[in-house]
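Please read the following report alongside the sequence and the coordinates, taking the overall picture before the local details.

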Amino acid sequence: MSVLAMLTLGATLVVTISSVLQRQALRDGVDAAQTVAVYAGRAVDAESFTLALLDPAQRARLEDELAGYEGRLVSLRLWTFDGNLLYDSESASTGFADGDRLDAATRQARPDARVVTDVRGGTLGGTQREVLSVYTPMSVDGQIVGAAEVVLDHTATTAALRDGSRTVTVVVAAGLVILWLLLFRTVLTASRRLQTSALDNARLALLDSLTGLPNRRLLADRLARSIERAHEDGTRVGLVLLDVDRFKDINDSLGHDRGDELLEQVAARLRDVLRDEDLVARLGGDEFAVLLPEVHSIEDAERLAQRVRGVFAAPFVLGELPLHVETSIGVACLPDHADDATSLMRMADVAMYTAKAHRLGVAVYSPDEDDSSPARLVLLGDLHRALGARSTGRSGARGAPSSGGAGAGAGGDVVDGPAELELHYQPKVDLRTGLTAGYEALIRWRHPTRGLLPPDLFVPLAEQSGLIHELTRFALTTVVAQLALWQSQGRTTPVAVNLSAHDVTSPTVVLLIEDLLLEHDVPAALLEVEITETALVTEPSRIVPVLERLSALGVQVAIDDFGIGNTSISQLLDLPVDQLKIDRRFVTGLTATSLASSGRGSGVVVKAMVDLAHSFGLTVVAEGVEDAATADMLRSLDVDQAQGYHYAQALPADELPDPASTSVSTAVTEVPHPARPVASV
């Protein structure tokens, strides 16, 4: 509260109280004057007021009645209605009645009181004094007959009022001072508490309450300033993100108290191992960040990250339990990987999860591992658009059947799908006869600006976004329609379609295949489905029943990329499969020496796979055959079928040779060899 406000309040209180006292003094004076008028009325009759004449006897009685008021009564004058003076206690005085005051007393029966200064001579020898002059009605026998002008000594009352005002002023002033002091103390105490609380809140807003490290907010502020300085100086900023592997298991096993203790120890070790200019922050949970404001290269940032990883080498002692803990660390640098703080944080986060997924310990950001990069998001949007074009694409045959020839007559008409998505077919060759035993359908995307894209660029995006089901529907629909077209031309070559693990975890794909085969009147034996061994062992309880239904339907089932998963012999015996496709890693580099290397090498592994598959009655297909020597070696190992660039790359349907008229190995001799194998669906 300001001093001016306190002074205003004090003055208001003093004036108010003084006014109340003055009004009370006037009321007391009026009461005294009315009492004098009552006593005077006892001595004067109504006729005297009418005649304006007071006889000596009445005057004597009147003076006797007033004898008791000599101390305070200064003078008394009685006035008739007409303003004639009937009696004056000071016989020497002269004057006239105040008409307005006389009318108020006689006609309105209302007393009129005023404090005036008496300047007349008299008993006080002409000295001035404060007197109270009151005009009050005079009543005789209950009837107003005139007015009494009563003048009372007001000196003592005025002095009392002054003393009272001074006392009130002193009391109010003292009270206000005390009140101000109390309020000042209260406000000061509250202000100090608020300042302390604000400082605490500011500290808590910028520091982690458990470890005392800077939190995400302070890290963001320091990161923004470091990036601004780096843009001005042309320097580099590094960011390291790390979390504790299996921290949830530690919390669940040892309790959250031990988990908090572990985080505190991690924070202490990180502070000790880094440079003074580096900032260690806790982002929340078991995740930490290290800001490297002055790092010369990505390699330097990676070395600092390796140093951070080194703090986890020694066990952490929780209570009496020594615990070895691993960490996953991601590294990103500006401007190498990002241009702003948000992007830099995201890139480091991607790198950290790359390290966790591949158990690398430390990983530097790589666009190849960034499934959420802007380029991939754009590509995903284009894929949505391409699949949406199915509704406007033309269904049916493209062109008229050709009468013959290796280029067009063999393939016949091509079934349309989306305007940009295509299916190419790679032959699977019977190693005994050299003829085409079947095809594998491989999806391609003819992107309007990026050209022909292989599936490994967009199929993972489809799997992550849920578009894989639409992609699989397109592939199955196109293949079954193509089989129906070939069947009408007298061709009965089976075609294999790759299914994602997302497709075969639900029986919906079985219903789709049933409907397509029934709609196009295609025998189930002409359709094959391939699923990778890795996908098969991921969720066997959900995938195996779907494969059993497909097998019961008559659809051939193949295990793709066999040899890189964890399928046991007992599982293989119980699985509803018809083919094993040996992964290209075992086929590449297969030579005669690998077979004769005393039980070592790819040849021995392939031979074991072939014997195992044949013992179960399965057909063996080798992928990635790129030369005649490898084909000969596979034939000597009793492999049934092979596919690869040695025979043909994946071709559109209208470019395939007629498998009934010539062998693939002799008909396709000038197939261009791409730089690397093209992945399947």
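## Overall make-up

In this predicted model, the secondary structure of the chain comprises 23 helices and 23 strands. Of the 681 residues in the chain, 44% are buried, and the chain exposes about 33,600 Å², of which carbon and sulfur atoms supply 54%.

Among the contacts in the chain with a separation of 6 or more, 66% are accounted for by residues 24 or more positions apart.

## Helix H17

Helix H17 covers residues 540-553, and its 14 residues should span 20 Å at 1.5 Å a residue, which agrees with the 19 Å that separates its end C-alpha atoms. The buried residues of this helix are Ile543, Val544, Val546, Leu547 and Leu550; seen down the axis of H17, they fall within an arc of 165 degrees, so they line one face of the helix.

Ser541 and Ala552, by contrast, lie on the other side of H17 and are exposed. The residue that follows the helix is Gly554, which has a positive phi near 105 degrees.

Strand S1, made up of residues 73-80, pairs with strand S2, made up of residues 85-88, in the antiparallel sense over 3 bridges. Within this pairing, Arg77 stands opposite Asp88 in S2.

The hairpin has 4 residues between its strands, and in it Gly83 adopts a positive phi near 85 degrees.

How values were computed. Residues numbered from 1 in each chain as written. Predicted model: local features only at pLDDT ≥ 70, side-chain atom pairs only at ≥ 80, totals over all residues. Heavy atoms only, no water. Helix = DSSP H or I, 4+ residues; strand = E, 2+ residues; numbered from the N terminus. Expected span 1.5 Å × (residues − 1). Buried < 20%, exposed > 50% of the residue type's maximum accessible area, 1.4 Å probe, protein only. Arc of directions from axis to C-beta. Pairing = 2+ DSSP bridges. Contact = heavy atoms within 4.5 Å. Areas by Shrake-Rupley, 256 points an atom, 1.4 Å probe, with all protein chains shown as cover.
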